[in-house]
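Colleague: Could you take me closely through the aromatic pairing in this model and the side chains that bear on it, stating your cut-offs as you go?

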Amino acid sequence: METESHEDLQHPSVSSNDTHSDDASNHRDAEQKQDVSREEVVQILQVIASTGRFWHDWDKLKSMLSFRLKQVLSEYPEARMTSEQQYASFGESYIELVNKLDEELTCFIEGPPFTLQRLCEILLDAKGLYPNLSKLALALEKNLLVTSTLTICTDPYPQATAKELDDQEKPSEKQQQQQQSDSAENGVELLVSDKDEVMTEADVGDDMTIGMEAFEGVKSSETNSELNANSA
């Protein structure tokens, strides 16, 4: 009995905090093992999300997806709950949930699931699409519990990354602003032109009035001359 008590002291039970620490350590180790940076992983997933195709070796891409999956799951507040709270929230512990989803992903051997595009969309904007971890887990599991797979694309890899696409969109916005500015300037010029036309019409009207008065004056003089001549 004393030996058992001594062994229990040497091997205490693992607490939930220890479990979270181990998970965080595993997450950091997985990040260190990545050949590409976090930003590059995001860019690769953005290309897949926009095209629905993939160009990388499946084993490498699978590693990137697994890394991103664990990163996204760890950002939810449920990941920091106690085991009891996690069981009450989504029926299993956070560690069990992560391992289950990761196994469902890594079980694809020949190629990625045909739902790869949707998976990338979810992993790129998880919190924007699903406010809590349980809904995110259901969405991921739905897209992982399939059997059909995709084949690697042989077309040239798109050179324009998501960042470059944003840079290409910015000039178009500037062009729209320039067009609006040009339209505003044209409107001012049009108003000025209309005003000039009105002033010109007014000037012409004044000239015609003056001309008519002069014509009437000449006509009146001629009439008086004729009357005087008849009188004589």
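Modeller: I call a residue buried under 20% relative accessible area, exposed over 50% and partly exposed in between, with a 1.4 Å probe and protein chains only. By that definition Trp-55 is buried, with a relative accessible area of 13%, whereas Tyr-157 is partly exposed at 29%. This is a predicted model, in which local features need pLDDT of at least 70 and side-chain atom pairs count only at pLDDT 80 or more, while totals for chains, interfaces and linings use all residues. Residues are numbered from 1 along each chain as its sequence is written, and side-chain values use heavy atoms, with hydrogens and water left out.

Rings of Phe, Tyr and Trp (its six-membered ring) pair if their centres lie within 6.5 Å, and planes under 30 degrees apart count as stacked, over 60 as edge-to-face and the rest as tilted; the count by this rule is 1 aromatic pair. The ring centres of Trp-55 and Tyr-157 are 5.2 Å apart and their planes stand at 90 degrees, so the pair is edge-to-face. The pair links distant parts of the chain, 102 residues apart: Trp-55 lies in the loop between helix 3 (38–51) and helix 4 (58–74), and Tyr-157 in the loop between helix 9 (133–144) and helix 10 (162–231), where helices are DSSP runs (H or I, at least four residues) numbered from the N terminus.

Helix 4 also holds Arg-68, which, leaving aside neighbours within four places in sequence, is in contact (heavy atoms within 4.5 Å) with Val-41, Val-42, Leu-45, Leu-123 and Leu-124.

Methods:
Helices (H or I, at least four residues) and strands (E, at least two) are DSSP runs, numbered from the N terminus.
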